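Dear colleague,

I am handing over the model below for your files. My notes on it follow.

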Amino acid sequence: MKGFIFDLDGVIVDTAKYHYLAWKHLADQLGIAFTEEDNERFKGVSRRRCLEMLLEMGGLQVSQTQFDTWLLEKNEDYLSYIARMDASEILPDVPKVLKYLRERGVPMALGSASKNAGPILEKVGLSSYFKAVIDGNKVVKAKPDPQVFLLAAERLGLAPRQCVVFEDAQAGIAAANAAGMFSIGIGQADVLSEACQVFGDFTEIEISFIDRLLSTEPKTYQ
Ligand code: BG6
Ligand code: MG
């Protein structure tokens with residue numbers, strides 16, 4: 001394995017909770033019941049598709065103008081949560097893994113559905129680790145489509161099967177698998193059961209595991 005691709009929200013930074021709070025806020029306004037369990041399906045999914053899913057849950061059909069207004073409101077709400085973000089919101093032991101990979105000269109990319117990914121990486125001071133940042137502004141097909149990860153591999157100059165992906169979302173694991181990459185789920189094993197391997201968080205990932213991945217011959221995973 002030669003390249004490592006990281007999702008952002010819920011993998012590198014603890015922003016998944018802010019996306020949830022912003023969707024919950026909008027759902028409450030619209031009188032749509034929205035739980036953390038519902039939110040699992042929203043993880044890794046583009047903003048536009050999330051709103052479509054929310055409206056489907058509420059059985060609502062709205063005009064394009066209304067749709068765009070709610071999309072904007074959700075993002076403004078989300079932006080207010082992340083406005084004061086700093087390095088303290090990097091998830092535990094993520095820097096340990098990023099630093100180690102950089103020391104070993106392993107190229108890394110970000111593969112996120114978020115259109116806010118670039119500014120968030122800047123705020124938490126991690127931009128310099130990534131050779132490529134593929135975000136929601138650069139892809140047309142959202143996860144579970146593999147486009148975001150295939151583009152990341154291309155920018156790293158690697159074949160998909162040489163790449164490892166860290167993901168906290170079901171849609172993201174599906175995208176990594178569809179890309180033919182080695183998918184590592186970060187979160188609950190029952191939620192991320194399609195991943196090649198699952199860890200609760202980065203504190204459970206030993207450097208020896210990373211070393212093993214780096215010395216593993218790439219193969220076809222799907
Ligand atoms: C993903 C999140 O990373 O980005 C999703 O997991 C979110 O919850 C998506 O909907 C789009 O993010 P943004 O910042 O462009 O609204
Ligand atoms: Mg995520």
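In which hand of crossing does α5 pass α9? The crossing is right-handed, where right-handed means that the near helix is turned clockwise from the far one by less than a right angle, and left-handed that it is turned anticlockwise.

Before the rest, the conventions. This is a predicted model, in which local features need pLDDT of at least 70 and side-chain atom pairs count only at pLDDT 80 or more, while totals for chains, interfaces and linings use all residues. Residues are numbered from 1 along each chain as its sequence is written, chains are lettered from A and ligands numbered from 1 in the order in which they are written, and side-chain values use heavy atoms, with hydrogens and water left out.

Helices and strands are DSSP runs numbered from the N terminus (helices H or I, at least four residues; strands E, at least two). Axes are lines fitted to C-alpha atoms, for helices over the stretch in contact, and angles run from 0 to 180 degrees between N-to-C directions.

Helix pairs

The axes of α5 (residues 94-103) and α9 (residues 207-214) come within 11 Å and cross at roughly 40 degrees. The two are therefore oblique to each other (under 35 degrees is roughly parallel, over 145 roughly antiparallel, 65 to 115 roughly perpendicular, the rest oblique). On the α5 side, Lys-96, Val-97, Tyr-100 and Leu-101 meet Ile-207, Ile-210, Asp-211 and Leu-214 of α9, contact being heavy atoms within 4.5 Å.

For α1 (residues 16-30) and α3 (residues 47-58), the packing angle is about 35 degrees and the axes are 11 Å apart. This crossing is right-handed. Trp-23, Leu-26, Ala-27 and Leu-30 of α1 meet Arg-47, Cys-50, Leu-51, Leu-54 and Leu-55 of α3.

Ligand 1

Around ligand 1 there are 15 residues, of which Asp-9, Arg-47, Ser-114, Lys-115 and Asn-116 come nearest (a residue counts if one of its heavy atoms lies within 4 Å). Arg-47, listed above in the α3 contact, has a polar side-chain atom 2.7 Å from an oxygen atom of the ligand. Polar backbone atoms also face ligand oxygens: that of Lys-115 at 2.7 Å, and that of Val-45 at 2.8 Å.

Backbone points to check

The Lys-143 to Pro-144 peptide bond is cis, with omega near 15 degrees; Pro-144 sits in the loop between β3 (132-134) and α7 (147-156). Asp-93, in the loop between α4 (64-82) and α5, has a positive phi, near 70 degrees, and is not a glycine.

Regards

Key. Polar contact = N/O pair within 3.5 Å; in protein donor to acceptor, adjacent residues only side chain to side chain.
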